[in-house]
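Here are my notes on the structure you asked me to look over. Keep the viewer open while you read.

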Amino acid sequence: MNWLTSLSKVLFFLFLLGFNASYSQKTFEEYKSLYPDSNEIVIKDYQSYSISIEGKKLKILSSNEFESQILSDIGINNNEESFSYSDLITLIDYKAFTKNTIKGKDKIINVTQSNEKKDNSGSIFHDDIKLRQLIFPNLEVGSKKNYSYQREFTDPFLLHRFIFGNGFPTENATLEVILDKNINIGYSVFNDPNNKIEFNQFERKGKKVYQWSLKNINAFKFEDNTLGVLYDLPNINVFIKDYTIDNKTISVLGNIERLYSYYKNFINQINKTEDEELKNLAIEITKNEKTEIEKVKKIFYWVKDNINYIAFEEAYAGFIPRESSLVFQRKFGDCKDMAALINSMAKYANLNNVHICWIGTRSIPYTYAELSTPSVDNHMIAVYDNKGEYIFLDATDKQTKFGIPTDFIQEKEALVSYGDTFKIIKVPVVSAQDNLVDEVINVSIDNDKLLGSGSMFFNGYNRTEMLYNLKDSKDKLRFDIIKGIVIKGNNKFNLKDYKEQNILDKDKSYIIDFNFEIPNYIINVDNEIYVNLFLDQNITQLSLNDDRKSNYDLKYLTKSAAKYILQVPKNYKLKHLPSNFSLSNDLVDVNFKFESKNDTVHLDATFTLKKMTLQVTDFKLWNESIYKIKEAYSETIILEKK
């Protein structure tokens, strides 16, 4: 260890001692009284960036400190914390310990169980992220967990966001940025509509200091089916705009042009050498196609079917696509490798309108105008520019057909490379009709049993989702999954047999033909039979809790169109046919139509979801709609003996 690193560590821990003194802490009894329903309280969550110029280049050190206190027996189980680092964000040092107060004296028990593991959160801008897991020993009610660490950011473009809040109440959360005077930063604040984050800018020992603090943050309730915490919790993204050395100003970030210039460096030097074998393949698989769009489709499907998606990064390999010849030989790659391979094969086939682009998934709420930094992106794909109509080519998804984007990039902006220039284009939302689930079910009555046969047609994202659920399952496992997909009536549903069609043909509906029976489904009373033809009522399970705080994300728009046909038994006639039902609002369109035809009764039931993500302001209307649909589902057909 050199003297500079040693000095850095000393300064780091001296800094922490000073920081500790700046927080006035309450007693355990006070915390317990203030937060009676919480198992743990975060006393402080602190991060700082110290950005200076050393040796005519930027030096960026980040210091973090965290302290919490256990408030209940259940809280003792939360004995693990973690933090991240990588080859581009190197770990300098860390310290972790449990603090127990025994007879008025503090006892420090250092963390000795610490593990390093790879972060599997999946992002092209996470490079080779590692997680340092800390297991805190000797926890009891009243124990405090303390850990601190220091990292160096070797790339000035990659500062992290700071999020205020977590699953526990937080007393104090603070972000500080300490700068030399010849360094300028920018920042963007999100989810703070009432300006509760306290901001201060001042000088300290000849340095510029930016400070953001938020106190007494309520515990955040993590709920299912959300787009992610970045839509709810206050967060700040800090970035370096420029710095001056020897009267020369060097630009870093601050606008889209600077971000694109940074990205462009990672793709400019790849695929300079022609690969004869890859070129011949691209020409061979496209030679019989007459139109440009069909040629692009052939290349896209070839990459989907022949290159396995494996997310792996190492230092700047998290940003730079590998040579297409290497990906072609290995038959695996990550998202950026697949994007570059599609681009290379298109060029070999003399298709010059296929471009590489950067994009963020729907878990990231920012636009490029709001935040022109790498924090806005976590994915790379290819895009086909068909005279201003864009087809998004994401080969990481094996199932989604050519012509529609993957569901997790809908509504997102894409930064598309056109060499020295770029375009920002918005990914459309795929219509509910394109994601249609169409089904025809024929049923007949055998005493109290309902016998049936049906066909279900899955399109768009519904096709993708069904086939991902099935994957390579076989035999009984596949049978059980299919049963869960086609189940009708109730849990007594018995799937007798099934047949699948178009598993491998992405351009056609995935079809399941099946036969079934439902024992004890029919109600016989005297000379009458009662039958509920609504054999699929899954929508009623989607009502939302009144106390829900976060958006409810349904992933994609969808439409179901079901036709149920009941064969009226001999010696029976129709006595009662339920009334038709319709409902239309900003969230759903629903239509139930009953009709008697000869010796059959028909029910046409359609449901169309019109909004992909429900906001809190939508919940009342959504629950009212579900209630009305549920009431309509209770209507039954009555048959009587002739």
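This is a predicted model: local features need pLDDT of at least 70, side-chain atom pairs count only at pLDDT 80 or more; totals for chains, interfaces and linings use all residues.

1. Start with the packing. The largest nonpolar core has 60 residues, and the ones touching the most other members are Val486, Leu566, Phe592, Trp622 and Ile629. Helix H10 (residues 619-633) gives the most to this core, six residues. A separate core of 53 residues lies apart from it, with Leu158, Ile183, Phe239 and Met380 among them.

2. Helix H5 is worth a look. H5 runs over residues 292-306, and at 1.5 Å a residue its 15 residues should span 21 Å; the end C-alpha atoms are 21 Å apart, so the two agree. Its buried residues are Val296, Lys297, Ile299, Phe300, Tyr301, Trp302, Val303 and Lys304. What do they pack against? The partners are helices H4 (276-286), H6 (324-330) and H7 (335-348), plus strands S18 (354-359), S19 (379-386) and S20 (389-393). Tyr301 also has a charge over its ring: Lys506 lies over the face, 5.2 Å from the ring centre.

3. On to the salt bridges, of which the count is 40. Lys145 pairs with Glu81, with 2.8 Å between the closest N and O atoms. This one links distant parts of the chain, since Lys145 is in strand S8 (residues 144-153) and Glu81 in strand S3 (residues 80-85), 64 residues apart. Is Lys145 buried or exposed? Lys145 has 0% relative accessibility, so Lys145 counts as buried. Glu81 counts as buried too, at 15%, because the cut-off is under 20%. Lys145 also lies over the face of Phe136, 5.9 Å from the ring centre.

4. Arg322 and Asp334 make another salt bridge, at 3.4 Å from N to O. Arg322 sits in the loop between strand S16 (308-309) and H6, Asp334 in the loop between strand S17 (332-333) and H7, and the two are twelve residues apart. Both residues are buried. They also belong to a salt-bridge network together with Lys336 and Asp337.

5. For contrast, look at Asp480 and Lys476, whose side chains meet at 2.8 Å, N to O. Both are in helix H9 (residues 475-486), four residues apart, or about one turn of the helix. Residues three or four places apart on an α-helix point the same way, because there are 3.6 residues a turn. Asp480 is partly exposed at 36%, and Lys476 is exposed at 59%.

6. Now the rings: the whole structure has 36 aromatic pairs. Tyr147 and Tyr149 are stacked, because their centres are 6.2 Å apart and their planes are at 10°. Tyr147 is buried at 9%, and Tyr149 is buried at 9%. Phe162 and Phe164 are edge-to-face, with centres 4.9 Å apart and planes at 80°; both are buried. Tyr147 and Tyr149 also belong to an aromatic cluster with Phe66, Phe83, Tyr85, Tyr94 and Phe136.

7. Last, a loop residue. Asn435 lies between strand S22 (421-426) and strand S23 (436-446), yet Asn435 counts as buried, at 0% relative accessibility. Beyond neighbours within four places in sequence, its contacts are Val430, Asn459, Gly460, Tyr461, Asn462, Tyr556, Leu557, Thr558 and Lys559.

Conventions: Residues are numbered from 1 along each chain as its sequence is written. Side-chain values use heavy atoms; hydrogens and water are left out. Buried means under 20% relative accessible area, exposed over 50%, partly exposed in between (1.4 Å probe, protein chains only). Contact means heavy atoms within 4.5 Å. A nonpolar core is a set of buried Ala, Val, Leu, Ile, Met, Phe, Trp, Tyr and Cys residues joined through side-chain atoms within 4.5 Å. The expected span of a helix is 1.5 Å times one less than its number of residues. A salt bridge is a side-chain nitrogen of Lys or Arg within 4 Å of a carboxyl oxygen of Asp or Glu. Rings of Phe, Tyr and Trp (its six-membered ring) pair if their centres lie within 6.5 Å; planes under 30 degrees apart count as stacked, over 60 as edge-to-face and the rest as tilted. A charge sits over a ring if NZ of Lys or CZ of Arg is within 6 Å of the ring centre and within 35 degrees of the ring normal.
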